[in-house]
Amino acid sequence: MKTLIRMEITRALRNKKFMFFSVIYPPALYVLIAGSNSNARMPGLDIDLSLYYMVAMAAFGAMTAVLMGNSERIAREREAGWVRQLRLTALPGRGYVAAKIASAATVSLPSILLVLLTGAAAMGVRLDAWQWVAVGLSSWAGSFVFAALGVAIGYLATGDAVRPLTMLFYFGLAFLGGLWLPSSSLPGWVQDIGAWVPTHAYTALGQAVEAGHAPHLGDVGLLAGYLVLFASAAAWLYRRDTRKA
Amino acid sequence: MTSTQATTPAVEFSAAGKTYGSVRALDGLTVSLQAGQTVALLGPNGAGKSTTLDLLLGLRNPDQGGRVRLFGTTPRQAVTDGRVGAMLQSGGLMDGVRVRELVALACGLHPRGHPTEQVLADAGLTGIAERMVGKLSGGQEQRVRFALATAGDSDLLVLDEPTTGMDVTARRSFWSAMRAQAAQGRTVLFATHYLEEADEVADRVLVLHRGRLLADGSAAEIKAMAGVRRVGFTLDAVPDGVLEAQLRALPGVTELELSGAVVRLRSADADATVHAVYALGLYPRDLEVTALGLEQAFVALTARADAPHPPGAEPAPATTTPSSPHRKAAAK
């Protein structure tokens with residue numbers, strides 16, 4: 001199992017094209033969105049625009065990398081028959097999912113770090129040392145949830161259906177979780193739904209740290225719940241995949 | 001293989017069937033393989049070979065009522081225990097990695113994995129160990145698949161048309177590597193549509209056709225079955241009744257057809273038949289001996305299997321056992 005994790009990480013690092021775009025895209029979007037008016041207060045939050053979007057874009061970038069990377073790659077590997085071969089080894093389903101999460105996390109970490117660096121260097125964000133570390137770590141750990149979701153999606157769909165399905169989750173989660181527009185500017189009923197999606201809890205971790213607090217336990221619990229849910233679903237789908245494989 | 005010991009069979013299918021939509025890919029297969037046997041699963045394309053192996057490996061589940069056991073347990077459990085090594089037909093390989101890395105992964109995942117270098121050497125991959133998997137030729141890919149199948153100390157090796165895409169030399173070295181595996185006491189089951197491969201390597205041959213087990217016997221028996229030849233020649237004169245009876249009684253002849261002076265017959269032993277024709281003092285002209293070929297032999301077998309015991313039918317050139325007796329059923 002460790003061998004597979006190590007190998008998936010090696011493969012992720014070797015895939016330079018995917019790595020490059022996954023890493024460049026979030027900081028660029030960050031500068032575009034928050035660049036003009038970085039000191040404006042976010043309505044309903046005690047942090048400003050540059051802080052809000054730093055966490056939101058770190059989350060968005062990480063989610064892009066792990067969702068897209070995992071779902072499409074896995075669907076391809078299933079079609080090629082590699083997963084079939086892998087299922088003839090003693091590897092348990094959770095080992096497969098763990099390896100895929102590790103591989104996704106390899107790509108999401110540099111993208112998160114680059115967003116934070118952009119915040120500090122270009123957007124004038126100033127935080128205490130512990131806050132930088134905590135924002136980085138929570139953004140990274142939170143991305144595991146979406147990596148697991150990516151594995152599950154890779155097993156739900158094949159071929160041409162993978163991308164639209166991924167997009168549906170991707171845009172839905174980004175919108176409801178307030179990654180593009182602050183949740184507080186959305187209609188009340190959307191906010192009510194949004195409070196339960198993992199992306200909302202994901203950015204709430206970093207925002208709490210930026211405001212000088214510890215992340216809320218409720219958010220951590222919600223994310224942990226989603227991680228268990230997505231990872232178990234992915235492991236189950238991996239084992240059950242007798243149809244196409 | 002007439003052992004009646006109460007040992008658990010390596011592989012046991014009981015009424016295992018599989019239907020895809022309206023296609024009956026496998027029709028209630030019942031057969032058991034004893035440990036240590038090398039068994040060929042022979043049949044033309046679409047005979048149900050791959051489905052059989054999928055069920056065997058737990059990649060698919062048999063339809064309701066059927067059951068597949070490996071070493072007395074479920075296929076999945078046997079795989080988890082590292083008792084099964086498998087080489088799938090055109091099974092995809094992981095891309096973005098080197099040959100050595102992929103083989104090391106297989107060795108690492110196996111509960112009783114062999115050293116990577118040894119597996120690479122046995123599969124003839126040492127020279128290309130640093131190459132990226134995506135850049136291999138078809139034959140090299142097959143060797144990588146073989147390495148994945150033999151990465152650990154498994155008790156059962158399952159190979160689905162393993163020599164597809166190999167040239168003659170590669171084929172030969174592949175089978176010698178396979179024999180080495182069998183010599184270590186492993187049970188080997190391989191699917192093929194080449195009778196020659198089954199003949200060279202297997203000590204038992206199962207013939208599948210349209211999802212049914214047509215024959216189960218030694219390679220020699222199956223070969224005799226498929227070794228039927230067509231013999232044709234022209235005589236000087238139209239044969240009379242006596243000569244016709246003599247021709248019909250020639251060694252190996254299973255079928256005779258006369259049209260004027262032209263004689264067409266089928267023989268399980270063409271050499272002996274032709275020899276006996278001369279021994280009768282006949283001078284056959286335009287003598288022609290042609291092989292029936294495996295495909296046609298299958299068709300002949302199917303026709304025989306479909307017919308409900310034709311009275312006075314031609315004797316089968318070799319004994320067949322359409323389904324294996326259920327002797328081992330009590331030994332659980």
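How far apart are the end C-alpha atoms of residues 164-181 of chain A, and what share of that span is helix? The ends are 22 Å apart, and the span is 72% helix and 0% strand.

Before going on, the conventions. This is a predicted model, in which local features need pLDDT of at least 70 and side-chain atom pairs count only at pLDDT 80 or more, while totals for chains, interfaces and linings use all residues. Residues are numbered from 1 along each chain as its sequence is written, and chains are lettered from A and ligands numbered from 1 in the order in which they are written.

Chain A, then. The span I opened with is one of those that an unreviewed UniProt entry lists as "transmembrane region"; the others are residues 20-38, 50-68, 101-123, 129-157 and 220-238. UniProt positions are given in the numbering used here, feature names are shortened, and the annotations may be inferred rather than shown by experiment. Residues 220-238 of chain A are 100% helix and 0% strand, with end C-alpha atoms 27 Å apart.

Chain A as a whole has ten helices and zero strands. Its radius of gyration is 18 Å, close to the 18 Å that the globule rule gives for 245 residues, so chain A is as compact as a globular protein of that length. That radius is taken over C-alpha atoms, and the rule is 2.2 Å times the number of residues to the power 0.38. Along the principal axes, the C-alpha atoms fill a box of roughly 55 × 40 × 30 Å. Of the 245 residues, 50% count as buried. Buried means 20 or more other C-beta atoms within 10 Å of the residue's own, exposed means 12 or fewer, and partly exposed lies in between, with C-beta atoms placed from the backbone. Among contacts in chain A with a separation of 6 or more, 79% join residues 24 or more positions apart. A contact needs C-beta atoms, placed from the backbone, within 7 Å.

Next, the interface. On chain A, 19 residues are in contact with 26 residues of chain B. Two or more residues come from each of α1 (2-14), α3 (49-80) and α4 (82-86) of chain A, and the largest share, five residues, is from α1(A).

The largest nonpolar core has 150 residues, of which A:M54, A:A148 and B:V103 touch the most other members. Helix α3(A) gives the most to this core, 19 residues. A core here is a set of buried Ala, Val, Leu, Ile, Met, Phe, Trp, Tyr and Cys residues joined through C-beta atoms within 7 Å. A second, separate core of eight residues includes B:V231, B:L247, B:V253 and B:A270.

Chain B is divided into domain 1 (11-224) and domain 2 (229-291), with C-alpha centres 43 Å apart. Those bounds come from an automatic or database domain assignment.

Finally, two backbone angles in chain B. Most residues other than glycine have a negative phi. B:A15, in strand β1 (residues 11-20), has a positive phi of about 45°. B:A15 is partly exposed, with 13 other C-beta atoms within 10 Å. B:E161 has a phi near 40° and is found in the loop between β6 (156-160) and α6 (168-183). With 22 C-beta neighbours inside 10 Å, B:E161 counts as buried.

Methods. Two residues are in contact if their C-beta atoms, placed from the backbone, lie within 7 Å. Helices (H or I, at least four residues) and strands (E, at least two) are DSSP runs, numbered from the N terminus.
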